[in-house]
Amino acid sequence: MADSTCCVTSPRKRLMIFSGRSNPALAARIADKLDVQLGSVELKTFANGEIYARFEENVRGSDMFIVQSPCDSINDELMELLIMIQAAQLASAKRITAVMPYYPYSRQDKKSAAREPISARLVATLLEASKVDRVLSMDLHQGQIQGFFEIPVDHMTAVPMLADYFRYKDFGGTPLVAVSADAGGVKLAKRFINRIPGCDLAVLTKMRPDHNVAETMHFIGDVRDKIAIIVDDIIDTAGSITSAIETLYDNGAKEVYVTATHGIFSGPAFDRIRSSEVKEVVVTDTVHVEAASCDKVKVLSVADILARTIRNVFEDESVSEIFAGDNQLF
Ligand code: R5P
């Protein structure tokens with residue numbers, strides 16, 4: 001007679017980490033911090049542009065993390081991620097997490113004019129259709145993106161790391177003021193000043209006459225004889241920051257610095273930064289940055305933050321405790 005008390009022991013959990021082709025250097029840094037080998041995956045693009053992915057090792061039953069930050073070839077890299085997720089799902093990975101430090105299309109998060117799409121939501125729909133189980137992302141452009149998903153989205157932030165960089169930089173006692181690059185970024189800038197004792201807050205507002213064209217319109221605050229640090233989530237063409245830099249010098253700032261989580265630097269960005277009076281632009285490696293292209297650009301790595309988050313997700317521990325609760329969206 002069968003023993004009714006007999007139980008089945010589950011196999012040990014297995015963490016596997018793979019990289020798409022958008023930011024392999026970041027994936028390698030994360031794997032290094034986690035002390036695991038990056039998994040082997042074959043990724044190819046056929047002559048007609050179709051993408052092919054095949055995991056070159058057994059992934060059955062694994063807790064799989066795929067690192068992909070679609071940015072440079074944003075549409076191909078997004079498609080590659082979807083294909084990798086489907087391949088993992090068909091190969092019986094137990095849980096698949098898309099690690100997307102930069103969320104593509106994040107600025108299209110609402111309708112601002114008639115007959116527009118909400119492309120950030122479409123990206124969420126595509127990810128869920130590919131059968132991903134969970135998404136990790138960092139400093140999302142707006143909090144509502146988290147609500148576009150039915151699956152869990154763990155939100156991380158690089159703001160404390162960026163703030164600490166300025167907190168411990170030697171400014172010779174000159175007072176600091178953080179400047180929100182636009183009205184929508186005030187909460188981000190407030191999180192930044194919370195880490196820097198005595199740091200003041202100022203706000204710029206901007207108007208966009210066209211996509212990728214920014215004009216600073218109003219300035220609220222006092223930057224006279226202070227070190228002004230512009231805080232933003234994204235630098236794309238650097239139009240917003242260069243117009244903000246001019247406004248701050250016009251208002252008497254002693255020196256102007258810029259910090260942002262995602263340094264996309266497309267088109268004229270490096271030329272604009274080079275010819276501006278900015279002292280330094282500090283970003284992270286959420287997306288691949290050719291820092292060598294401009295000696296005013298400094299890149300801090302988020303690999304440690306991502307590795308700790310992945311570790312806690314894998315071990316079913318809290319993610320918010322890594323950030324002391326400061327990672328909540330607004
Ligand atoms: C916009 O709302 C974002 O927060 C950034 O300010 C913007 O994407 C930066 O774009 P660009 O560098 O092209 O001005």
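Visitor: Is Val59 buried or exposed?
Guide: Welcome! This is a predicted model, so every value here is computed from it. Val59 has a relative accessible area of 3%. Buried means under 20%, so Val59 counts as buried.

Visitor: Where is Val59 placed?
Guide: Start with two strands, β3 (51–55) and β4 (63–67).

Visitor: Which residues is Val59 in contact with, leaving aside its neighbours within four places in sequence?
Guide: Contact here means heavy atoms within 4.5 Å. Once the neighbours within four places in sequence are left aside, the list for Val59 is Arg14, Met16, Phe18, Met64, Ala88, Ala91, Ser92 and Ala93.

Visitor: How many Å apart in space are Val59 and Lys94?
Guide: Along the sequence, Val59 and Lys94 are 35 residues apart. In space, taken C-alpha to C-alpha, the distance between Val59 and Lys94 is 8.4 Å.

Visitor: Is Ser62 buried or exposed?
Guide: Ser62 is found in the loop between β3 and β4. Leaving aside neighbours within four places in sequence, Ser62 is in contact with Arg14, Met16, Ala93, Lys94 and Arg95. Its relative accessibility is 0%, and the limit for buried is under 20%, so Ser62 counts as buried.

Visitor: What span should helix α8 have?
Guide: Helix α8 has twelve residues, 303–314. The expected span is 1.5 Å times one less than the number of residues.

Visitor: How many of the twelve residues of α8 are buried?
Guide: Helix α8 is mostly covered. Its buried residues are Ala303, Ile305, Leu306, Ala307, Thr309, Ile310, Asn312, Val313 and Phe314. The count of buried residues in α8 is nine.

Visitor: How do α1 and α8 lie to each other: parallel, perpendicular or oblique?
Guide: The axes of α1 (residues 24–34) and α8 come within 8 Å and cross at roughly 55°. Roughly parallel needs an angle under 35 degrees, and roughly perpendicular needs 65 to 115. The two helices, α1 and α8, are therefore oblique to each other.

Visitor: Which residues of α1 and α8 make the contact?
Guide: The crossing of α1 and α8 is right-handed. The residues of their contact divide into seven nonpolar, no polar and four charged. From α8 come Ala303, Asp304, Leu306, Ala307, Ile310 and Arg311, and from α1 come Leu26, Arg29, Ile30, Lys33 and Leu34.

Visitor: Is the crossing of α4 and α5 left-handed or right-handed?
Guide: The axes of α4 (residues 159–167) and α5 (residues 186–193) come within 8 Å and cross at roughly 55°. That makes α4 oblique to α5. As for its hand, the crossing of α4 and α5 is right-handed.

Visitor: How do the residues of the contact of α4 with α5 divide?
Guide: Helix α4 brings Val159, Leu162, Ala163 and Phe166 to the contact, while α5 brings Leu188, Arg191 and Phe192. Sorted by kind, the residues of this contact are six nonpolar, no polar and one charged.

Visitor: Is Asp316 buried or exposed?
Guide: Asp316 is found in the segment after α8. Although Asp316 is not a glycine, its phi is positive, about 55°. Its relative accessible area is 58%, and exposed means over 50%, so Asp316 is exposed.

Technical notes: Residues numbered from 1 in each chain as written. Predicted model: local features only at pLDDT ≥ 70, side-chain atom pairs only at ≥ 80, totals over all residues. Heavy atoms only, no water. Helix = DSSP H or I, 4+ residues; strand = E, 2+ residues; numbered from the N terminus. Buried < 20%, exposed > 50% of the residue type's maximum accessible area, 1.4 Å probe, protein only. Axes fitted to C-alpha atoms, helices over the stretch in contact; angles between N-to-C directions. Parallel < 35°, antiparallel > 145°, perpendicular 65-115°, else oblique. Left-handed = near helix turned anticlockwise from the far one by under 90°. Nonpolar A, V, L, I, M, F, W, Y, C, P; charged D, E, K, R; others polar.
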